[in-house]
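Have the sequence and the model open side by side.

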Amino acid sequence: MSKYILQRIAFAIVTLFIISLFSYVLIATFSTANPFREIAVNTKVPNVEAFVKQKEQEFGWDKNVLTQYFIYIGKFLSGDFGFVFNSQNNPFGGEITTMPQLFFKPLQYSIMISLPAFIISSIIGIILGTFAGYKRGTLLDSGINIFVLIFIALPSFIIAPIAINIAINSGLPSTVFKQGDGQPLNVIIKSYITPIFVVTLGSLAGYTSYTRNQVITVLTSNYVLIAKTKGLSNFEIFKKYVFRNISIPIFSIVFPSYIVLLTGSIIVEVYWNVPGTSQIIARAFPSGERNVVMFSTLFFTFLSIITEIIIDISYAILDPRIKYSSSSGKNRLAYISAYIERKRLQKSLFQANTLLDKEVTNASSEFNNRYNLGTNLQEKIKYVENPDSLYSSNIAGKPKKMLVEIAKRFFKNPYVTLAFITFIVLLLCSIIIPIATHYSPNKPINNIDKEFITLLPPQYTNTKSIFLKNNNRIFETFIKIKELVDKHPELQTYFQPLLDTFKVHELVGASKSFSVTYNPFIVFDSYLLNIEIQKILDVDPNHTFNPEFIASLRATFPAVSTLLGTDINGFDIWTTSWAATAESIKIALIVATLQTLIGVAIGAYLGFHVGKWIDTIFMRIIEIFLAPPSLIWLLLFVSIMGVSNTALIIALVVTGWAWPVSRTRMFIITVKDEEYITAAKSIGASTSRQVFTHALPAIIGKIATGFVQRIPGIILSIASLAFLGFYKNIDNANLGQLLLDATPQAPDNFWILLLPSLILLTLSLSLQFIALGVHDALDPKVIKASKK
């Protein structure tokens, strides 16, 4: 054990070194952000480039990147962690200057939210998961599953504003108070209730789902079935078997998840104005603050590695069967001898099979000659039409029948069928609606005058109530038309709809604005009509207008018929939301496909070469990618590579490839010693045949489930990045960007926030149910059971 601990500590040091080197080289080489340039621009330095060059020389940034790294790491090891270059990126101003103070002071606020949420969600999640696993297939299990799937599919930036409104109506503070804000202790405690509740809901679903799966796995095992046949009560079975066997996997997943929770509460911190660590990190990456980026990366990586070492050591305490010891020279020699003996036996078996085939052929020829069997008769005496079917590993019948059976099992669950139909409808809407509508996505509905097309209400209301100053363009248009009608009473008929619907109420003295209610569609039409009439009157003041002429003028006006209104940019909400849905689905499908292909290719190979040098190297690389929280990697790559779709796809693939590889490797390890693969190996099947013909079909259900589950996760990751301002591309908006922009606009038109929220929720929820259906449809155990 002591030798194992020393090995893990040594590798932890190597991991920290590699991650620190990789992170520093990335941000120093590829990041376009420069805090010195920001300082120069903000302070209006006359010669910006000279100032930047001077500062870079002062801090050694003009040297090659490796020299910069070793200078930084040398200072870091000596206790000099640096400081924030741009004071605007320091929320504490001049009060705090050193990096530990800047990092650990806000960390306490993050802990005050994440730690209670972690304790509550893990306890409740394990309890709910245990009940759901025990009552699987019942109404209780279905209710818990639906509850879990809803909160997996519902992102925190949708839950947060709803929770704030509920908190305000319940008398709870809408912002987090700190000591020194002049609030009593009970008010400070109350201010933390709502954000803790939101973080709890977001993490509760994962613990519940994982515990349920582990309980079901144990309850369906052979030793539990034997215990039931012996008459053990459910309490004794849970006490002696279930709790003991699920403790290790739950322990291994629960505690590392707290680090993810600690770094992933940034959205909650933004909504409740919490000066936590997540905001410091999110602000540092796009600003090029190397000291903050490096300190946070090393701190959370160190925390993750230490947690993993403690968990590995605790395995031996929780389960005495687990021992950590290095192989002696004698053991290695035994392994080598066993490997040589296995190869010798395989060779002997192959030679025996070859000899047997020859004997069967000779016997068959002798039989045919003895009884004078002709060629035609020999062709008729066949017990197998296709010789290849002798080697078929298909356990579900012919391929055509198997596909039909898979489809039947998939659509057997009505919830899965409904989810599949919903997803297809969403997909078709996202493709067809942007093409079929009159307006282009992410563009104003027309280019005439933005003042008259922004924040239009839904078409079914046609009414808008706002405060307008007398110099506002809309208000000025109303006044000019009134003056025009006073001079030319014959025009009143054509402007009567505007005069009837434009209502000016009381003047608000403080803001010097009028409360106005009007129909924006009529105002827009009257605005264009007034322009055309004024042009004619400027040439001929005595011109006579008739209804036919006015109708011909109006026929040239652009149509304004938005179903759900427009946003602050004049974009059609209905069209833009569905275009953003298509963009999110497209990126998610590409990323999930690439991650799955990488995971299957590398993970399957490593699963069949577990324990060998190639497996060891790849697992160390995977551990390096999994050591820092995913938010750190994602922010680093997105900050460096920019906001294009290609850059985002590359960043998501690079930061997410490790999990599919690790999971596929684990699945392969669980099946590679099954009897059918051992039999295939014994008759000389190649490794590729063992992988693609026998192993992958056995785990295809788990791979497909992981693929489908990754799609909503990627969509939510993109949405979260856009919500935090790291992925804003006005030409290719996504759902997260729409939700970010919609939050301040929602009071003017609630569809700006409601439609993308509903689409995101429905999309995520339907994909989660589809993942369950895919797992059941492709599970070999289900296939085998259905044939009996």
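A cavity is a set of points, on a 1 Å grid over the protein atoms alone, where a 1.4 Å probe fits but cannot get out; its lining residues have an atom within 4 Å of a point. Grid points are joined across faces, edges and corners, and a volume is the space filled by probe spheres set on the points. The model is predicted: local features need pLDDT of at least 70, side-chain atom pairs count only at pLDDT 80 or more, and totals for chains, interfaces and linings use all residues. Residues are numbered from 1 along each chain as its sequence is written, and side-chain values use heavy atoms, with hydrogens and water left out.

The whole structure holds 3 cavities of 30 Å³ or more. The largest cavity has a volume of about 80 Å³. Helices H23 (573–608), H27 (658–671) and H29 (687–723) each give two or more residues to its lining; helices are DSSP runs (H or I, at least four residues) numbered from the N terminus. H29 gives the most, with 5 residues. Among the lining residues are Arg663, Lys702 and Arg710.

The second largest cavity has a volume of about 60 Å³. Helices H1 (2–30) and H14 (290–318) each give two or more residues to the lining of this cavity, and H1 gives the most, with 4. Its lining includes Arg8, Glu308 and Glu623.

Elsewhere, the axes of H5 (residues 99–134) and H9 (residues 193–219) come within 6 Å and cross at roughly 35 degrees. Such axes are lines fitted to C-alpha atoms, for helices over the stretch in contact (heavy atoms within 4.5 Å), and angles run from 0 to 180 degrees between N-to-C directions.

Definitions and conventions
1 Å grid on protein atoms, 1.4 Å probe; cavity = no way out; pocket = protein on both sides within 12 Å on 5 of 7 lines; lining within 4 Å.
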